[in-house]
Amino acid sequence: METIAVFLCKCFGEIDTAVDFDFLTGELSNDPSVAVISTIDSLCLESGMAKIVSLIKETGSDRVLIAACSPLAKGGFVADSIAEAGIERHKIGLVDIREGCAWIHGDDPGGASRKARDLIHMGIASLQNGEMSDDMTVTVHPGALILGAGPAGLAAAVSLAETGFEVALLERSKDPGGMLRLISRCYPGDENASEKLDPYIKEIEKNPLITFYPQAKIMSMEGDTGDFTATFSSQGKDISIRSGVIIVATGAKIFFPAGLYGYGELKNVITQMELERQILNGSLETKNTVFIQCVGARDTKRPYCSTICCPISLKNASRIAGDVPGGSVFVLHRGIMTPGNTLEKYYRDTLSGGVQFIRFEEDNPPQIGGGDHVEYVEVFDAINGIKRTIEADLVVLSTPLVPNTDNVNLAKMLGVDVDSYGFFSEIYPMHPLETKTDGIFICGSARWPVSSDDAILQGKGAAIKAVSYLRQSEIAASTLSRVPGSKSGHARVVAESCTGCGNCVAACPFNACGLERMNSGFVSTVNMMRCKGCGNCVSVCPNGSIQIPEHNYRMVGEMIHMAFQGWEL
Amino acid sequence: MNQPKILIFACKWCGLIGADAAGKRRASLPSRFRVIPVECASLVETDAILRALAGGIDGVAVLGCHMGGCRYNNANHTAVKRLELLQDLLDTTGIGRNRLLLSFGTAHEGYQFEELIQGFFDELTSLPPLDPWLSPFGVTR
């Protein structure tokens with residue numbers, strides 16, 4: 001029979017003023033499974049720890065129960081130190097009798113003593129019934145797969161190659177650069193877009209560690225953290241690539257405002273992107289220009305702010321105001337969004353540069369007038385309360401970025417989530433750029449509309465997060481927890497009693513449960529690399545076939561039974 | 001006077017931290033409650049709650065993280081749905097939904113934990129004890 005050594009800590013009077021230790025030792029000595037009961041003044045001091053280790057070795061106890069302060073105080077430290085002396089961590093139990101008992105019931109010594117006894121009995125029950133989860137390791141493939149060669153993807157690829165890892169860079173179109181290729185200059189530094197891209201493009205051409213696959217189309221995605229396999233076609237060839245991590249930088253697309261403000265019907269009503277193209281190839285002809293913000297954004301259908309349209313309008317409005325003498329430039333907006341120190345300065349500079357700003361309300365949008373092309377814009381100035389008619393021969397509509405339509409499919413293949421709009425969702429707010437599957441990162445506008453500077457920053461951030469996986473030669477499933485050392489265990493399936501109902505598959509928040517076809521029917525399986533040990537599957541299983549060994553139903557039952565032992569009614 | 005017994009399932013990221021903080025600020029609570037730490041509120045099986053009530057425990061509390069703040073990708077959302085169904089079931093059987101306290105995101109801090117548990121004690125004290133209706137299952141485990 002397994003025996004348990006119980007160590008009680010007095011914490012120099014902090015605990016034994018409320019808890020009667022004579023009563024405790026008397027009660028515990030009746031328990032046949034308790035081999036050693038030892039009371040120590042302070043367990044967390046070196047002398048206390050040495051005494052524990054020597055006593056365990058002397059008596060040959062299998063399991064150790066420490067009744068001291070809470071795991072958040074010194075309890076966890078004591079347990080870890082004893083584990084270092086050669087006792088398996090899952091055979092060490094911790095019971096909190098200081099914060100959870102002596103301190104909180106200081107005015108009721110009798111009740112506190114009884115509670116301490118029950119808590120220790122619950123601890124013994126949990127030690128006796130606790131099991132250890134299986135573990136598995138995966139050999140990490142030291143390479144990264146990056147989807148999308150926009151600024152975010154390029155920055156991630158170059159940063160990863162700099163640290164010495166192989167990178168496969170996939171791009172939907174022919175050339176790298178993403179949306180940055182279509183625009184002339186970037187805000188807020190008014191930097192030339194091609195100058196910004198060039199160093200990255202040169203690097204991916206020159207660096208032997210980076211392989212660029214243009215016109216790539218992903219067909220399937222398999223595997224888990226440390227060893228993914230992606231199958232895709234590139235320029236007519238089918239290619240299969242293994243990688244340790246995946247960085248999703250697929251970007252977003254521009255919303256086309258069909259039917260809004262006469263777009264498509266009136267000549268000279270164009271989108272911001274068409275204006276960029278006209279600036280880029282020098283075909284822009286305008287005298288009086290009107291920009292309209294929030295076209296198709298911040299409404300009931302797309303309630304989010306795309307964050308980049310206001311700065312882009314500022315950039316182009318100040319450019320036109322400077323380049324076209326004698327003309328007027330108006331920006332009709334619903335509140336200019338310029339967060340941060342650089343963008344707000346940009347707004348003030350634009351304001352003093354001759355651009356006029358008029359605020360309108362959502363329910364009273366501007367009206368475009370004219371025959372086959374724009375002649376004037378009517379707007380109700382919400383601040384002055386008057387209607388104004390502005391002469392215009394060019395109207396530029398600022399439209400938001402919207403998620404790519406294939407995001408949902410890609411997310412399903414990768415086993416990650418998209419948010420309610422269709423952008424990839426990260427673990428908000430605690431783990432930016434990380435998805436619910438370890439080893440898959442998101443950056444750039446695939447995550448949320450961002451400027452090119454932010455996309456590059458996020459690409460580098462994702463690369464650094466990826467390195468923390470790639471630098472390991474092997475990854476154990478038990479270490480895949482976002483708070484180091486906090487993982488309790490993995491779900492375990494009892495295949496004999498599993499009916500294959502699929503409740504756990506539906507309930508798992510991490511896509512870890514799956515159904516496998518056996519001779520007798522379906523049986524649930526748990527992918528340990530994805531399981532985080534939350535136990536959602538446990539509580540939906542109709543017959544207890546899936547359990548977390550560290551917290552199984554027998555243990556909980558015993559703990560409930562011991563919770564109020566011998567309680568005087 | 002009825003002296004209620006309370007069992008608390010506390011998620012180790014929120015409820016347990018609140019319980020710990022309540023101890024640190026030397027809160028004065030009745031000693032008739034026991035805390036079972038769990039990884040996540042979604043790990044609390046409905047069977048365990050029923051077993052506790054059948055075993056003569058007067059009230060069960062499940063403390064988890066606030067909605068949207070779960071460490072396990074919103075696992076607590078499903079826990080809420082499941083446990084609210086259980087509350088309905090407790091009403092149907094005559095035990096009463098007020099014997100199961102669900103609290104998500106309201107026990108982070110010591111004083112919140114203290115208020116919550118003290119309130120639960122006061123509520124249970126006004127209810128008749130569950131013991132007279134103990135089932136044979138509960139007595140003999």
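**View 1. Helices H9 and H10 of chain A pack at an angle of about 35°.** In this predicted model, H9 covers residues 309-323 and H10 covers residues 340-352, and their axes sit 10 Å apart. The way H9(A) passes H10(A) is a left-handed crossing. If you want to find the meeting point, look for Pro311(A), Leu314(A), Ala317(A) and Ser318(A) on the H9(A) side. Their counterparts in H10(A) are Leu343(A), Tyr346(A), Tyr347(A), Asp349(A) and Thr350(A). Sort the residues of this contact by type and you get six nonpolar, two polar and one charged. Here's a handy rule for looking at any α-helix: there are 3.6 residues a turn, so residues three or four places apart point the same way.

**View 2. Helix H5 of chain A is largely enclosed by the rest of the structure.** H5 takes in residues 109-129, which makes 21 residues. From its first C-alpha to its last, H5 reaches 30 Å, close to the 30 Å expected at 1.5 Å a residue. Why call H5(A) largely enclosed? Because 16 of its 21 residues are buried.

**View 3. Four strands of chain B make an open, parallel sheet.** Reading across, the order is E2-E1-E3-E4. E2 (33-38) and E4 (100-104) stand at the edges with a single partner strand each, so one side of each has no neighbour in the sheet. Ignoring direction, neighbouring strands are turned by 15° against each other on average.

**View 4. Strands E3 and E4 of chain B run parallel, joined by five bridges.** E3 spans residues 59-64. One pair to pick out: Ala61(B) has Leu101(B), in E4(B), as its bridge partner.

Terms used:
Residues are numbered from 1 along each chain as its sequence is written. Chains are lettered from A and ligands numbered from 1 in the order in which they are written. This is a predicted model: local features need pLDDT of at least 70, side-chain atom pairs count only at pLDDT 80 or more; totals for chains, interfaces and linings use all residues. Helices (H or I, at least four residues) and strands (E, at least two) are DSSP runs, numbered from the N terminus. The expected span of a helix is 1.5 Å times one less than its number of residues. A residue is buried if 20 or more other C-beta atoms lie within 10 Å of its own, exposed if 12 or fewer, and partly exposed in between; C-beta atoms are placed from the backbone. Axes are lines fitted to C-alpha atoms, for helices over the stretch in contact, and angles run from 0 to 180 degrees between N-to-C directions. A crossing is left-handed if the near helix is turned anticlockwise from the far one by less than a right angle, and right-handed if clockwise. Two residues are in contact if their C-beta atoms, placed from the backbone, lie within 7 Å. Ala, Val, Leu, Ile, Met, Phe, Trp, Tyr, Cys and Pro count as nonpolar, Asp, Glu, Lys and Arg as charged, and the others, Gly among them, as polar. Two strands pair if DSSP finds at least two bridges between them.
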